[in-house]
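Subject: Structure handover, salt bridges

Hi,

Here is the structure I promised. Please open it alongside this note. My findings follow below.

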Amino acid sequence: MTEDKSIKDAVNSFVESLEEEQKRNRLIENTPKSIVKNKDIENDGLEKIKGVLKRILKFICPDEEVKIEADLAELRLSVKGEDLGAAIGRDGKNIQALEYIINLIGKRKKFVDRNIIIDIKDYRKKRINGIKKTAIFMAKKAINEGRKIALKPMDSYERKIIHNLLAEFKNVTTRSRYDEPNRRIIIYPIKSSK
């Protein structure tokens, strides 16, 4: 309960600061629209987005010293710090929410024209590696047992990675089934005709 309350307090505090900036006409929305023409401008846009993310994280984790590294080639922001659990959230849900907000701001204000990927304390990288290992294990299990196997629900980004990974297996096929938020991958063994 205290974590939920602190997140609500952080969001309320952030909204109040945006209202203050709006009164002073200092919002990001008030920057010129002639952004995103080349890589230098995209780099400048990524730096602005990096600043926005840093401010949002200050509200979520107020006592935490945050460092953000930007990778322009992949449009990736990697956040480092000690206690960023509230920013990660259960199963990375808060990372997804932050990524959604950051991409909304970035595209709406024309700072960037591609999706920005956010990773906090390498959570996403570790999760993807774990999901890949599980998917390979389950694909082998589906082949050996000759039956379909359902993976746990995951977001579209993770499902795409698994579909691409298992497409390399000649003995299985994959399909996504059910509706969000319970959408999951089903691994089907392909019966060989001998």
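First, a question to keep in view: does Asp122 count as buried, partly exposed or exposed? Asp122 counts as partly exposed, at 27% relative accessibility. Bear in mind that this is a predicted model.

I looked at charge pairs. The search of the whole structure gave eight salt bridges. Three of these are described here, starting with the one at Asp122.

Asp122 and Lys80: the two side chains form a salt bridge, at 3.3 Å from N to O. Asp122 sits in the loop between β3 (117–120) and α5 (123–145), while Lys80 is in strand β2 (residues 76–80), so the pair ties together parts 42 residues apart in sequence. Lys80 is partly exposed too, with 28% relative accessibility.

Glu158 and Arg127: this salt bridge has its closest N and O atoms 2.6 Å apart. Glu158 belongs to helix α6 (residues 156–166) and Arg127 to helix α5, so parts 31 residues apart in sequence are tied together by the pair. Glu158 is buried, at 6% relative accessibility. Arg127 counts as buried as well, at 18%. The cut-off for buried is under 20%.

Lys48 and Asp44: here the closest N and O atoms of the salt bridge are 3.9 Å apart. The cut-off is 4 Å, so the pair counts. Both residues are in helix α2 (residues 39–60), four residues apart, which puts about one helical turn between them. Lys48 is partly exposed, with a relative accessible area of 30%. Asp44 is partly exposed at 37%.

Best wishes

How values were computed. Residues are numbered from 1 along each chain as its sequence is written. This is a predicted model: local features need pLDDT of at least 70, side-chain atom pairs count only at pLDDT 80 or more; totals for chains, interfaces and linings use all residues. Side-chain values use heavy atoms; hydrogens and water are left out. Helices (H or I, at least four residues) and strands (E, at least two) are DSSP runs, numbered from the N terminus. Buried means under 20% relative accessible area, exposed over 50%, partly exposed in between (1.4 Å probe, protein chains only).
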